[in-house]
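User: Hello! I am new to this structure and would like to learn how to read its features. Could you walk me through a few?

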Amino acid sequence: MQQAKPQAIGARTARRARWLNRDRIAALLMIAPSVIAVAIFVYGFIGWTAFISLTNWEGLRANLTFVGLENYATIFNTGRFQTNIRNLVVFTTLFLAICLVIGLLLAVLVDSRIRAESLFRSIYIFPMALSFIVTGVVWQWIFAPGNWPNDPTGINLLFKQMGLDFLQGAWTTDTSVVPGWRPEGLKTRIGIPMAMIPVIIAAVWQMSGFVMAMYLAGLRGIPDEIKEAARVDGASEWQVFRRVTLPLLQPVTLSAVIVLGHISLKIFDLIVTMTGGAPGNNTEVPGLYMYEITFKANKFSEGAAVAIVMLVVVAALVIPYLNYNRRTEVEQ
Amino acid sequence: MSVVTSPASARPRLRVRWSRVLIYAVMLAFAAFYLLPVYLLLITSFKSFEEVSLSRMWDLPRSLSFESFGRAWNGGEGVIGMRGSFLNSVRMVIPATVISCMLGSLNGYVLSKWRFPGSETLFTLILFGMFIPYQSVLVPLVEVLREIGLYASIPGLVLVHVVYGIPITTLIFRNYYAGIPTELLEAGKIDGADFFGIYRHIMLPISAPGFVVVAIWQFTSIWNEFLFGLIITNDPQLRPVTVALQNLSGSQFTQWNVQMAGALLVAMPTLLVYIFLGKYFLRGLLAGSLKG
């Protein structure tokens, strides 16, 4: 385009310069407030929190004596924070895995030319419109075990009424950790805290429809010709799914892992409402711990250290993804 | 798939039909799972106080009663009504959504149509703000809001939601505007339109779907938000509806039918949005997943 126009170079650069001056400046001015706001409220505040995490601020009055990484050493050495990390790993792993499996399954089913497709889709997705607080309030009552097996409430009562008594459990009051190993030097037991299971179920209830929607969009984006070609080559339906569809859905899986992963690593509302971290600290996660020690115990520096640990974990997940996205966009 | 793999013989066709039955069975089972809490929410909220009993919690109400909603909304007998906080949420969510839309639209316009050296990097840096755990900004945030006199105020909440909404609103508008052909803008420039002229006369008139998606997204996420509401409003008079619901459910003296009615009240606005504008809601969801 550029070489094709035999214009007077001088006139063009002059016009270009004028265009640069007025419109480009307007563009920069318009985006400036947002850039400044993000610079302060995101990066500035993170820096500030990082600084607080290196000081010795305990109590309501700010004490900013520099103590290095002491707070990080403190939190990683407390059993409670180690338990938090264990809980978060368990929650994130199971939540992600179950959401991906259910999401993919439902997407494939919804995509298989069924009746009332949009009704099913709407039913699967609607929990996404709700607050985690609403979800927590309702599921808290569903998983309140009551005096089971004789005088059960919630899901235990439902199981009893359906003759499925063997499915009854202690749910959110279950204090066991399975298998509950205790390695040398750790102040927490390794395993799945059983009280976490109801929380995971509630979270899956809320988010799995979203994964279905993502996979469904992905499935609909795969041209029929590709699958058809595989069928002509003699592939069975399962092989088509396994060798053609699944690999093409990989970008969707990646997006889903990023979106669910960052939500899950930051989870706070749902746990506050459903269990408050109980029993013991068996369902407490860093997001809740940070809130408790900062705003209830006034240990600002330790709270800041927990927050920075959370940030680092989320960043480790998200930054490679953002980078990858940016590079592929520049290539386009 | 059934159309393709049905030869003349009867046996495969029978197998195909059984697979349909299985498909519907699985889908209905999942539908039951997703609807179970809704069932509980509805039947409990509409039960009268005499009828509420944990041992009959799954039974249908014998008659429709609005007592629970009345108690959850107006308060009474140790329950703080949610009416005030509902209005707080309305007063917070509307301005925040409107401002978010305007900012996001301008940012998206600049970052898609007026790119400059480094604008892609800048965009990525803005985008990162969407993923951070807000715990990592809370303490400075509270201090700064105190400093500028916006702590424990609705305008403070609006400011916070607008600022932390910048990444997602910018992302959605940028992707939306990226789909608008550059020729349109070039034509505008030839006609002598400047930055604002193009925005006003070319971009804005075709932005309606983008605005709807962003407005729904911001409305839903701000309405449902809890952490900022909890930290920034220590004043019970100012707390948004999610915080009020959490307090309602955390109190041991609150009957659980009142909690359920409260939950339904909190859920209602976003549920209505979902029911009537579901298509746009979904688009926002998918836009939130970047390239998904």
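User: Is Phe228(B) buried or exposed, and why?

Analyst: A residue is buried if 20 or more other C-beta atoms lie within 10 Å of its own, exposed if 12 or fewer, and partly exposed in between, with C-beta atoms placed from the backbone. Phe228(B) is buried because 22 other C-beta atoms lie within 10 Å. Before we go on, this is a predicted model: local features need pLDDT of at least 70, side-chain atom pairs count only at pLDDT 80 or more, and totals for chains, interfaces and linings use all residues. Residues are numbered from 1 along each chain as its sequence is written, while chains are lettered from A and ligands numbered from 1 in the order in which they are written.

User: Which residues is Phe228(B) in contact with, leaving aside its neighbours within four places in sequence?

Analyst: Two residues are in contact if their C-beta atoms, placed from the backbone, lie within 7 Å. For Phe228(B), the partners beyond those neighbours are Tyr134(B), Leu157(B), Val160(B) and His161(B). Tyr134(B) is 94 residues away from Phe228(B) in sequence, yet their C-alpha atoms are 8.3 Å apart in space.

User: What does the domain assignment of chain B give?

Analyst: Domain bounds come from an automatic or database domain assignment. Here, chain B has domain 1 (10-75) and domain 2 (80-288). Their C-alpha centres lie 32 Å apart.

User: How many residues of domain 1 of chain B are in contact with domain 2 of chain B?

Analyst: On the domain 1 side there are 13 residues, and they meet 13 residues of domain 2 of chain B.
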